[in-house]
Amino acid sequence: MPTDNTTHGKLSTKAFWSQPASKRAETFARLRREAPVSFQPPPDFGTPPSTRGYWAVTTADLVTHVSRTPETFCSGKGVNFEDMPIELLEAGSAFLVMDAPRHTAIRGIVSRAFTPRRIAELDVAINARAAEVVREFVAAGGGDAVVDFARKLPLWTISTMMGIPGEMQDAMYDAAEVMTAYVDPSLVPEGQDGTAMSMEAAMTLHGMATQLAAERRANPGDDLISALVQSDVEGGLNDHMIGSIFLLFAVAGNDTTRNSTSHGLKLLSDHPDQWQAVKADPDRLINPMVEEIVRYATPVIQFRRTATCDVELGGQQIAEGDMVVLFYESANKDESVFENAAAFDVTRDPNPHVGFGGGGPHFCLGANLARAQIRDLFRHLAAADAHIDAGEPTYLASHFVHGIVGMPVSV
Ligand code: HEM
């Protein structure tokens, strides 16, 4: 295996990911300067174990290049560090871990629910729900950023799209949480196994999907589950694949948007001048603000690809089968692309961040849906002329999700 002495294997340690992103930024800045593509030892994050080292890609141009070259850097062998059988990966991540032509076909079924027209239609309801969330939060004078504000809209939105009844929504949220958060030891109760918890949560979500699919076969509506049960791709999707897609949406659609919103509250509280500027001219600044929150926070820290052949990347010789990890967190602070990259700037334009991925076939399907939710929440907060005063966040100690577990906020 190749080695690279300049990186000291920091990215593979739990200690590195237990630091706040502002601290990690120093290491990433050095890697971008000295070793844009560096070989890192097998991750030592606790669970689940990984036996292989990986290439860390840290600059914006290389993250974009790899994302847009799926023939050479595929997703079909996994997109996280874990070496797992593909059947297990697909059970949890559906088309996220597939390559063309299967990826194209299955993504195609669900992408009809994400056309600009469908999102605009849905946005009418999202906007009304956002108004309610803001009204309650402001009336209470604030509360916890996550529980009382950020978690409400993503959960409602994804449930509405999938046609998930109210009584099932909290159970879905909890299971989706466990799926991604188990890597933080503080969230795994004493004496319990994080991997087992994650598997159990996955089975809970699969069970919900099977129940919903049966209901929609008998009584179709215009929600996503109905579109899945009616599709004839692969001779009709079976319950197992529908469960996997359900799981992907429950995880991808919830905590990413929620964390962006929580980070947004913190950033705007820390930069009152910027929030003032947004409140003074929301029509001009609300959309650039949303992009800047996603760039600055980078709620998804990294995704992995696998080399399908021997190839050179950023001066390094990558061997077929090697894992190549795209650190969006680093690319989004790349000084060669973003002027004054360390600054939070709601007027940043252009803002070619890779928070939703670096382009290519796996680019975030829910990007416009996420943008709509974040925009609507902050637009209503701006209209209420809310002053945001956020306390210290408790961060999730994760190498994958840049999450806020809790944070007191007064408005
Ligand atoms: C701010 C919020 C969000 C962020 C930061 C985010 C980020 C990402 C990233 C980085 C990827 C991988 C891109 C790649 O590999 O090139 C991704 C994929 C995906 N996202 Fe999002 N996402 C967000 C919200 C959402 C929402 C709201 C949904 C759905 C309702 C969603 C659904 C998906 C799906 C289905 C994929 C897989 C696409 C594929 O493999 O073809 N995301 N997202």
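User: What does Met84 count as, at 35% relative accessibility?

Analyst: Met84 counts as partly exposed. Buried means under 20% relative accessible area, exposed over 50%, and partly exposed in between (1.4 Å probe, protein chains only). This is a predicted model, where local features need pLDDT of at least 70, side-chain atom pairs count only at pLDDT 80 or more, and totals for chains, interfaces and linings use all residues. Residues are numbered from 1 along each chain as its sequence is written, and side-chain values use heavy atoms, without hydrogens and water.

User: Where is Met84 placed?

Analyst: Met84 sits in the loop between strand S3 (73–74) and helix H4 (86–93). Helices (H or I, at least four residues) and strands (E, at least two) are DSSP runs, numbered from the N terminus.

User: And Val233: buried or exposed?

Analyst: Val233 is buried, because its relative accessible area is 19%. Val233 belongs to the loop between helix H11 (224–230) and H12.

User: Which residues is Val233 in contact with, leaving aside its neighbours within four places in sequence?

Analyst: Contact means heavy atoms within 4.5 Å. With those neighbours within four places in sequence left aside, Val233 is in contact with Ala105, Ile106 and Ile109. Val233 and Arg102 are 131 residues apart in sequence, yet 9.3 Å apart in space, C-alpha to C-alpha.

User: Which residue is the only protein donor of the ligand's iron atom?

Analyst: Donors are N, O and S atoms within 2.8 Å of the metal (3.2 Å for Na, K and Ca); water is not among the atoms, so sites may look incomplete. Here the only protein donor is Cys364 (SG), at 2.3 Å. Look for Cys364 in the loop between helix H15 (328–331) and helix H16 (367–383).
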